[in-house]
Structures are given as C-alpha cells and as structure tokens.
Amino acid sequence: MCGRSWRVPSGLQSTLTLTPSFIPTQCEAELPPIEIAIPAPPKGYSGVYVSPLNAGLRRQLGIGNQPVLDVLFAPEGSPASRAGLQAEDLIVEFLGKPVTDRDAFNDAVESLAPGTPASLVYLRDGKRMPVTMTVGERP
C-alpha cells in the first residue's frame, strides 16, 4: 500500500495538476495525477454603457481632439451611478490616465478586483467632475 502525498506546482495557473510524489516509485501507477480547474478571479464591473464621442460633437463641445467616452446609460445601483455618472456625461480619465477608447476603458475596469476604489473624471455641462468609483462585480 502506498502513502499519498502530492507535489503542488507553484505560480498562478488556470488549472492545477497534482502529481503523486511517492517513495517507492512503483506506487506512481496506483495514483494518477489529478487535474483541478481553478476559477478565474472575478472581473471588475462599472455598469456603465459608453460610446466614443465622434469628432463633430467633440468640436461642438469645444473638447478638440481629446478622446472621450459618452455615457449612454448608467443603470441605477451600478457602481457608475453610485459614483454619480449619468447619461450624457463624458468620461475623460480613468485611474489618472486619459481614456483612449471603449475597449481600453472596459479592460481597465475588468482588470480591477471588485471593491477596488478607482479614480474617474467626467465632464458634465463643461465642468470636470473627479469622483471615486468603487468597482463592483458583474452580476
């Protein structure tokens, strides 16, 4: 009869394979490796629906070439609405950096753990509004 012990690999992985570690080596045939799926950590969520503001509207608003994201919808109770964002606000910065496009903004939010405070600056009626949004977990 072989005793059971397992070698656990180090490092972050999406699956973990435990391989038997025995003395004597003839026991390895008795207990095959076990593979365990490791769930991905939860992604951050803002709840805000955004679209890049086109060049014509940026010119009309006097924003120039600065990329901004137009808030289309911030559902009630979402992290974005709790931070004060509303439809027609314009997001200009996230985490102290200018927003470049919708995908980069969404990726930056998703890279944060739920519960993380994140700085965000938006424009409303031409005024810069700095806020802290607590990132949520996607429902």
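Q: What describes a pair of aromatic rings?
A: Two values are used: how far apart the ring centres are, and the angle between the ring planes. In this predicted model, the count is two aromatic pairs.

Q: Is the pair of Tyr-49 and Phe-73 stacked, edge-to-face or tilted, and why?
A: Planes under 30 degrees apart would count as stacked and over 60 as edge-to-face. The planes of Tyr-49 and Phe-73 stand at 35°, so this pair is tilted, with the ring centres 5.9 Å apart.

Q: Which parts of the chain does the pair tie together?
A: Tyr-49 belongs to strand β5 (residues 49–52) and Phe-73 to strand β6 (residues 69–73), so the parts tied together are 24 residues apart in sequence.

Q: How is the pair of Phe-94 and Phe-105 arranged?
A: Phe-94 and Phe-105 are edge-to-face, with 75° between the planes and 5.2 Å from centre to centre. Phe-94 lies in strand β7 (residues 90–94) and Phe-105 in helix α3 (residues 102–110), 11 residues apart. Both Phe-94 and Phe-105 are buried.

Q: In what sense do the strands β5 and β6, and β6 and β7, pair?
A: β5 and β6 are antiparallel, with four bridges; Ser-51 has Asp-70 in β6 as its bridge partner. β6 and β7 are antiparallel as well, over two bridges, and the partner of Asp-70 in β7 is Leu-90.

Technical notes:
Residues are numbered from 1 along each chain as its sequence is written. This is a predicted model: local features need pLDDT of at least 70, side-chain atom pairs count only at pLDDT 80 or more; totals for chains, interfaces and linings use all residues. Side-chain values use heavy atoms; hydrogens and water are left out. Rings of Phe, Tyr and Trp (its six-membered ring) pair if their centres lie within 6.5 Å; planes under 30 degrees apart count as stacked, over 60 as edge-to-face and the rest as tilted. Buried means under 20% relative accessible area, exposed over 50%, partly exposed in between (1.4 Å probe, protein chains only). Two strands pair if DSSP finds at least two bridges between them.
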